[in-house]
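Hello,

Here is the structure you asked about, with notes on what was found in it below.

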Amino acid sequence: MFNRDYNENPFIVIWELTRACELKCLHCRAEAQYRRDPRELSFEDGKKLIDDIYEMDNPMLVFTGGDPLMRPDVFDIAEYAVKKGVRVSMTPSATPNVTKEAMEKAKEVGLSRWAFSLDGPNAAIHDHFRGTSGSFDLTMNAIKYLHELNMPIQINTVISRYNYDHLDEMAALIEELDCVLWSVFFLVPTGRGQEKDMITSVEHEKTFKWLYDLSKRVPFDIKTTAAQHYRRVVIQNKIREKQATGEGINYKDALMNGTTGQIDGLGRAPKGVNDGNGFVFISHIGDVYPSGLLPIKAGNVKETPLGEIYRESEVFQNLRNPDAYKGKCGVCEFRHVCGGSRSRAYAMTGDYMESEPYCVYIPKALRGKKKNVV
Ligand code: SF4
């Protein structure tokens, strides 16, 4: 698991079980619809897909949507995967579908983790962002019940203009809710997500430093999505701290092969995961993408085995080659552990190989040539 070669097998697979959802979230990647799409992968298609996923050195599997609970067979699919030995977690929407029965069933079939979205420390901010009143209270009640069931809980938060000024309160709430992981997404302007709702590059940097400091004092893990440059900030801080104590540190090899080992302290994926590089997304109809935020289709699992698409498609191969990235990411000494968000590069420039548009860092190779920095 921890030495896997991302050219061969992903670290994590995200499967959008359905696009149907009762919420109308402002940033929704999937532009979710109220009704289920008749073209969705069937239960039989899903079993075949799970077999293929398992063969890829058994990566983690996440059920997303839409709302996975809009599929009546969600727990049959989950049970099939768990019985095979796959670690499955799920990110349902906070709707009345989150019943006690649903949570008990999740526990019974052996789901590893239940993830909820919380985008504000109170109902006013969260419900506005999620486009539905009552979502915050429903989430709080469900979390209480999940604790009674001893089900590990993950919270997903999208950082945007709407909650940037409330991050301290957010962190306090995550701690109070006794979650195992805080998964922090940084907005990518795709689907319903809009550029005007994004925080600035400097605010990204400030948030990374704040997250790093937070990670040292809280009991829960922190992971970021669409913010690969958080890894750069963690590494820079670790190096500074080690240097301050007089400890020597050899990080150059680690940066080149992408395995940050003990120096990054990220505690999650041991190597920098990026779109198409350790990460793969399967849509509700079986289309395969490097990420749910990078809408370039590389194949369909009904026609081609997932492993073949992941290993051999041109877009996936390009994405796994940070030396070919354009602009400053392509020459940055952190490109193998960071590489910037390929989804954001695509959303903002139309080219997934372009530089991350929201990174303030100037790579060493470009120092003194500031005018040429992209
Ligand atoms: S320039 Fe690109 S590779 Fe370097 S730290 Fe920024 S986003 Fe990462």
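**Notes on the model**

Among contacts (heavy atoms within 4.5 Å) in the protein between residues at least 6 apart in sequence, 72% join residues at least 24 apart. This is a predicted model, in which local features need pLDDT of at least 70 and side-chain atom pairs count only at pLDDT 80 or more, while totals for chains, interfaces and linings use all residues. Residues are numbered from 1 along each chain as its sequence is written, and side-chain values use heavy atoms, with hydrogens and water left out.

The protein has 14 helices and 11 strands (DSSP runs numbered from the N terminus: H or I of at least four residues for helices, E of at least two for strands). Of its 374 residues, 57% are buried (under 20% relative accessible area; exposed is over 50% and partly exposed in between, with a 1.4 Å probe and protein chains only). The accessible surface is about 15,900 Å², and carbon and sulfur atoms account for 48% of that (Shrake-Rupley method, 1.4 Å probe; for residues, only the protein chains shown count as cover).

**Ligand site**

Around the ligand are Arg232, Lys328, Cys329, Cys332, Arg335, Cys338, Gly339, Gly340, Glu356 and Cys359 (a heavy atom within 4 Å). By class this shell holds 4 nonpolar, 2 polar and 4 charged residues (Ala, Val, Leu, Ile, Met, Phe, Trp, Tyr, Cys and Pro are nonpolar, Asp, Glu, Lys and Arg charged, and the others, Gly among them, polar).

**Helices**

In α14 (residues 342-349), Arg342, Ser343, Arg344 and Ala345 are buried. Their cover includes β6 (181-186), α7 (201-215), α8 (229-244), β8 (274-275), α12 (314-319) and α13 (327-331). Gly350 follows α14 and has a positive phi, near 85°.

Ser135 belongs to helix α5 (residues 135-148). Ser135 counts as buried because its relative accessibility is 2%. Apart from neighbours within four places in sequence, Ser135 contacts Ala94, His126, Asp127 and Arg130.

**Backbone points to check**

Asn58 lies in the loop between α1 and β2, with a positive phi of about 50°; Asn58 is buried, at 18% relative accessibility.

The peptide bond from Gly65 to Gly66 is cis, and its omega is near 20°. Gly66 is in the loop between β2 (60-64) and α2 (74-84).

Regards
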